[in-house]
Amino acid sequence: MLANFHELDHVHFMSDALNEAEKAGKRGDRAIGAVIVHQNEIIARGSNQIESADSNLIHAEIDAMNKCASYLRKHARECVIYTTVEPCIMCLSTIVMANIRNIVYATEDRYMNMKPFIQSNPYIEKRIHNYLGGILAERSIELLKMYSPETAEVVLHGHKL
Ligand SMILES: [Zn+2]
């Protein structure tokens, strides 16, 4: 159980995730980044690598979790994952299965629309203790529009062009 969630500097950690998003955008991946925080320190960073790894499975959150997977087996419950776009169905499920209970995101994903999904599933709902959005959302949207306009459209308006 994480006692100090509300005392964490969400803006500071999201800024770091946004740096990862910018790097991803610059190399031709979707401009989405993530960091995982334990005891006020970043233990892993990740970014979207769908294009560079040629895999639909390497989203920013999955990349970050893979980088600290064995650490998560011990400490996941006290960790927070910061991601620049609200987790998709794959990442949310993986976050839950990795035992991370605290999720902070920047931009809401209107296409995936995960909140009703979370609320509809007692298993998932019980395992997500904090689900906080809107932290530096404008910067996240700016990066998406700059580097990944199609993703920006989908995330912002809930449909493909
Ligand atoms: Zn995802």
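User: What makes His-59, Cys-88 and Cys-91 donors of the zinc ion?

Analyst: In this predicted model, local features need pLDDT of at least 70, side-chain atom pairs count only at pLDDT 80 or more, and totals for chains, interfaces and linings use all residues. Residues are numbered from 1 along each chain as its sequence is written, and side-chain values use heavy atoms, with hydrogens and water left out. Donors are N, O and S atoms within 2.8 Å of the metal (3.2 Å for Na, K and Ca); water is not among the atoms, so sites may look incomplete. His-59 (ND1), Cys-88 (SG) and Cys-91 (SG) coordinate the zinc ion at 2.0 to 2.3 Å, and therefore qualify. Their spacing along the chain is H-x28-C-x2-C.

User: Why is His-59 called buried?

Analyst: Buried means under 20% relative accessible area, exposed over 50%, and partly exposed in between (1.4 Å probe, protein chains only). His-59 has 18% relative accessibility, so this residue counts as buried. Cys-91, at 0%, is buried as well.

User: How do you know that His-38 is buried?

Analyst: The relative accessible area of His-38 is 5%, so the residue is buried.

User: What makes the pairing of the His-38 and Tyr-71 side chains a polar contact?

Analyst: A polar contact is a pair of N or O atoms within 3.5 Å; within protein, one must be able to donate a hydrogen and the other to accept it, and residues adjacent in sequence count only if both atoms are side-chain atoms. The side chains of His-38 and Tyr-71 make such a contact at 2.7 Å. Another, of 3.5 Å, joins the side chains of His-38 and Glu-78.
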